[in-house]
Amino acid sequence: MPSFSWRLWPGLALILLPSTLATDGESLRLHDVWLFRFFLNVLGYATIIIPGYFLIGYFKKINYLETGVDDLQMGRGICYPVIKACVFGSESKTGLLDDASVAPKNDADSGSSARQACKLLFCAAGLQASYLTWGVLQERVMTRSYGASTPEEEGERFKDSQFLVFMNRILALTVSGVWCLLFKQPRHGAPMYKYSFASLSNVLSSWCQYEALKYISFPTQVLAKASKVIPVMLMGKIVSHKSYEYWEYLTAALISLGVSMFLLTSTAGRHPSTVTTFSGVVILAGYVVFDSFTSNWQDNLFKYKMSSVQMMFGVNLFSCLFTVGSLLEQGAFFDSLAFMTRHTEFAFHAVLLSVCSACGQLFIFYTIAQFGAAVFTIIMTLRQAIAILLSCFLYGHAVTMVGGFGVGVVFLALFLRVYARSRMKAGRRTPQPTVQKV
């Protein structure tokens, strides 16, 4: 019976995603179906999540905080501090983030104008360099082959998006851990397991982000990321029961209009198939949904007293656990390492990709600490626009006049959001916690 069910998988894949058929007469390989790979990844995460869920329920059911103290007093409570931190924490929400290291500074304490201008240039240059390089490398790794010595050779493409997610997360975990050791952080109060929710959605959104580049162009992906304010608002209503101003709905509608103009009029030469484009749109939709949940869940977690770097550490800790577990279960971890040894250029790109991602997150925290979220949003919005132009220049993506106008509408709406939000905050002057996801 199991063998019969496995034989049904290729037929089911053909029904759901006919775009996965090879175009040059090659037979369909089940592992080439993105939906199947997604399913395997989720199964891998489930082997960690399900036992953890039952363990957390068990410790809460037996009221481990009481029994663990008794064991500790008797000399047998070696695991008590670990279980307490992972399952219970301090369970004391101390209000919004008040750590001085991430709160925007007042103008009176900011120093001379020349010094502030230098800091602003440093932050802008760091963010642009980190994320523009990251975007170019992301497209290079996922859409180009390695090992071809001549243009006629096909070379070998790297296909495992999850390994790239792991590479990014392991370096971010290391950087944030070193930062927490070197610089004083607030006392941590959140149960560690609560990071796993944001971590799971973050891993899935990152996987979708890499995987989508196999089916759509990079400019389309950037526009989809720019328009994620719409599902973020919807998820905010569902998860956090937030309310929004009229201008937020207006700019969301403008973003939808601009994205629609771009998608309906612009086609990438490498992806002429409408079915393939549909697969990419489905994956992008997954990215937007998972990423929207991540930001809202992190926003709720900031109600505990923690710094942004502590958030970065907690989320990346579980992300490494999920991805390395899934990679080892699938046997993909050592396959990816073998690919790195065969192609040193890929190894360099993968490491540089991870360095840019980790450094970019630190630049995010420093920029918001010095200049606030509005300036940071402007810099990152400009980065998205430059990334589209850079990708079109380097990789030859074609954009029609109407599609270019749609891009302009999207970024106009984004700047309007920044302007309206800064005007509203000018009257309130209440610092907001920030979320580490770009």
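1. His343 sits in the loop between α13 and α14 (344-371). Helices here are DSSP runs (H or I, at least four residues; strands are E, at least two), numbered from the N terminus. At 12% relative accessibility, His343 is buried. Buried means under 20% relative accessible area, exposed over 50%, and partly exposed in between (1.4 Å probe, protein chains only). Leaving aside residues up to four places away in sequence, His343 touches Tyr146, Gly147 and Glu156. Contact here means heavy atoms within 4.5 Å.

2. On the basis of the note: this is a predicted model, where local features need pLDDT of at least 70 and side-chain atom pairs count only at pLDDT 80 or more, while totals for chains, interfaces and linings use all residues. Residues are numbered from 1 along each chain as its sequence is written, and side-chain values use heavy atoms, with hydrogens and water left out.

3. The overall fold. The protein chain has 16 helices and 0 strands. Of its 438 residues, 47% count as buried. Take the contacts between residues at least 6 apart in sequence: 85% of them join residues at least 24 apart.

4. Aromatic pairs. The structure holds 23 of them. Rings of Phe, Tyr and Trp (its six-membered ring) pair if their centres lie within 6.5 Å; planes under 30 degrees apart are stacked, over 60 edge-to-face, and the rest tilted. Tyr146 and Phe339 are an edge-to-face pair, because their planes stand at 90 degrees, with ring centres 6.2 Å apart. Tyr146 belongs to the loop between α5 (113-143) and α6 (161-182), and Phe339 to helix α13 (residues 332-342), so the pair ties together parts 193 residues apart in sequence. Both Tyr146 and Phe339 are buried.

5. Which pair is tilted, at 4.6 Å centre to centre? Trp179 and Phe183, with 40 degrees between the planes. Trp179 is partly exposed, at a relative accessible area of 34%. Phe183 is also partly exposed, at 42%.

6. Tyr146 again. Together with Phe158, Phe163, Phe166, Phe333, Phe334, Phe339 and Phe346, Tyr146 forms one aromatic cluster. The charged end of Arg140 sits over the ring of Tyr146, 4.1 Å from the ring centre. The criterion is NZ of Lys or CZ of Arg within 6 Å of the ring centre and within 35 degrees of the ring normal. Tyr146 is also one of the residues that His343 touches.

7. Asn168 is in helix α6. Is Asn168 buried or exposed? Asn168 counts as buried, at 3% relative accessibility. The Asn168 side chain makes a polar contact of 3.1 Å with the side chain of Ser354. A polar contact is a pair of N or O atoms within 3.5 Å; within protein, one must be able to donate a hydrogen and the other to accept it, and residues adjacent in sequence count only if both atoms are side-chain atoms. Beyond four places in sequence, Asn168 touches Trp134, Tyr210, Leu353, Ser354 and Ser357.

8. Helix α2 (residues 34-61) packs on helix α12 (residues 308-330) at an angle of about 115 degrees, with the axes 8 Å apart. Axes are lines fitted to C-alpha atoms, for helices over the stretch in contact; angles run from 0 to 180 degrees between N-to-C directions. The crossing of α2 past α12 is right-handed. On α2, the contact uses Leu40, Asn41, Gly44, Tyr45, Thr47, Ile48 and Ile49. On α12, the residues are Leu321, Phe322, Thr323, Gly325, Ser326, Glu329 and Gln330.

9. Leu328 is found in helix α12. Leu328 is partly exposed, with a relative accessible area of 46%. Leu328 and Gly44 are 284 residues apart in sequence, yet 9.0 Å apart in space, C-alpha to C-alpha. Not counting residues up to four places away, Leu328 touches Phe333 and Phe334. Phe333 and Phe334 are among the members of the aromatic cluster.

10. Tyr215 lies in the loop between α7 (195-212) and α8 (218-226), and is buried at 8% relative accessibility. Tyr215 and Gly280 are 65 residues apart in sequence and 4.8 Å apart, C-alpha to C-alpha. Met380, in helix α15 (residues 373-395), is buried at 7%. The C-alpha atoms of Met380 and Tyr131 are 8.8 Å apart, across 249 residues of chain.

Definitions and conventions: A crossing is left-handed if the near helix is turned anticlockwise from the far one by less than a right angle, and right-handed if clockwise.
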